[in-house]
Amino acid sequence: MDEQIERVLDSVIMPGAERSVLQLGLVRSIDRADGQVRIVLGDAGLMDDTKQAVSESLRVAVAAVTGEDALVEFSSMTTDEANDVRHTVAIMSGKGGVGKSLVTGLLAVALQRAGYRVGILDADLTGPSIPKMFGVEGRPYGNAGGIMPVLSPSGMPVMSMNLLLESSDQPVIWRGPLIDKALRQFGKDVLWGRLDYLLIDLPPGTADAVLTVMQAYPIDGVVVVFTPQDLVDMIVRKAINMAGMMQKRVLGVVENMSYLYVPELDKRMELFGPSRGDEMAKVADAPLFGRIPIDPALAALCDRGRIEDYDSEIITTLGENLLTALGDMTE
């Protein structure tokens with residue numbers, strides 16, 4: 001690709017996506033000859049008014065940089081052709097209520113702060129919490145070729161069933177086949193473009209929905225979340241064994257609600273019993289990514305949709321350990 005034109009393409013931001021046409025993977029071809037630049041873009045997820053706005057922006061940008069005229073055309077494109085996701089990581093737990101969505105959110109924030117392009121797919125269709133946690137509102141838009149995810153306040157693309165409902169408190173009362181179909185459609189229809197990491201917040205347990213995601217998505221590995229309670233042991237082992245049966249590598253484990261730090265006493269209180277992080281890491285044959293404390297400040301930020309504002313050493317630790325597990329720390 002012509003470097004000069006590539007810079008132009010990377011400067012034109014897609015309305016509603018806050019990323020360039022290049023970052024969205026929509027550039028099909030570029031021909032430059034006789035004082036004219038012909039640019040062919042894919043139309044996945046683009047409404048007619050968006051196409052018009054992008055065409056005009058490209059013509060102005062090309063003229064400003066090269067002094068040449070630009071002819072912008074659109075052709076049919078699927079999201080499979082546009083998407084280029086380097087790593088897909090699933091966050092799973094053997095049961096609900098252990099903080100799987102919280103860990104997904106913290107990992108996403110950590111990776112984005114490290115300079116990576118990150119997206120989140122909330123695959124927990126019946127109990128989605130990612131939109132609330134990130135303060136994501138509004139509805140996805142698109143066309144027959146694809147759906148644009150909704151952006152978090154920091155510009156992170158997020159897709160969740162809750163964003164497709166008429167109201168956030170509307171229940172999803174579906175039988176297994178419908179859930180299976182919806183999860184597969186999310187994989188086919190969402191325009192992620194170029195991402196370094198796609199994090200998938202799985203439903204709890206090891207039933208149909210988790211199985212569907214494991215089969216339908218190119219998952220590089222899973223992160224298993226648990227809490228210190230005794231009853232978690234067997235459940236965590238089930239999740240780890242399922243990952244093994246599906247030939248998905250356990251990248252690491254995370255212990256949530258590990259302790260409560262009381263600054264007045266300068267003491268850690270293990271409200272749910274002693275940590276079992278090292279034990280679960282041994283069971284999983286994977287590193288312990290971190291022990292997340294009970295932090296009222298973090299809970300308050302999640303309730304207000306501002307998890308991206310959270311600042312703690314645990315975020316850096318989680319991100320670095322995931323990058324190390326995937327071999328990306330040297331990049």
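A contact here means heavy atoms within 4.5 Å. The model is predicted.

Q: What share of the contacts with a separation of 6 or more joins residues 24 or more positions apart?
A: Take the contacts in the protein chain with a separation of 6 or more. Pairs of residues 24 or more positions apart account for part of them. That part is 75%.

Q: How many helices and strands does the protein chain have?
A: Both kinds of element occur in the protein chain. The count is eleven helices and 15 strands.

Q: What is the radius of gyration of the protein chain?
A: The chain has 331 residues, and a compact globule of that length would have a radius near 20 Å. The value for the protein chain agrees with this. It is 22 Å.

Q: What percentage of the residues is buried?
A: Buried means under 20% relative accessible area. The protein chain has 331 residues. Of these, the buried share is 51%.

Q: How far apart are the centres of the positive and negative side chains?
A: The protein chain has 30 positive side chains and 46 negative ones.

Q: Is the aromatic pair of Tyr-116 and Tyr-197 stacked or edge-to-face?
A: A search of the whole structure finds one aromatic pair. The ring centres of Tyr-116 and Tyr-197 are 5.4 Å apart, and their planes stand at 80°. Planes over 60 degrees apart count as edge-to-face. The angle is 80°, so the pair is edge-to-face.

Q: How many residues apart are Tyr-116 and Tyr-197?
A: Tyr-116 sits in the loop between helix H4 and strand S5. Tyr-197 belongs to strand S10. The pair links distant parts of the chain, and the separation is 81 residues.

Q: Is Tyr-197 buried or exposed?
A: The cut-off for buried is under 20% relative accessible area. Tyr-116, its partner in the pair, has 15% and is buried. Tyr-197 has 0%, so Tyr-197 is buried.

Q: How far apart in space are Ala-182 and Ala-123?
A: Ala-182 lies in helix H6 and is buried at 12% relative accessible area. Ala-123 is 59 residues away in sequence. From C-alpha to C-alpha, the distance is 9.3 Å.

Q: Is Asp-34 buried or exposed?
A: Asp-34 is in the loop between strand S1 and strand S2. Its phi is positive, about 55°, although Asp-34 is not a glycine. Over 50% relative accessible area means exposed. Asp-34 has 85%, so it counts as exposed.

Terms used:
Residues numbered from 1 in each chain as written. Predicted model: local features only at pLDDT ≥ 70, side-chain atom pairs only at ≥ 80, totals over all residues. Heavy atoms only, no water. Helix = DSSP H or I, 4+ residues; strand = E, 2+ residues; numbered from the N terminus. Rg over C-alpha atoms; globule rule 2.2 N^0.38 Å. Buried < 20%, exposed > 50% of the residue type's maximum accessible area, 1.4 Å probe, protein only. Lys, Arg positive; Asp, Glu negative; His and termini not counted. Charge placed at Lys NZ, Arg CZ, Asp CG, Glu CD. Phe/Tyr/Trp six-rings, centres within 6.5 Å; stacked < 30°, edge-to-face > 60°.
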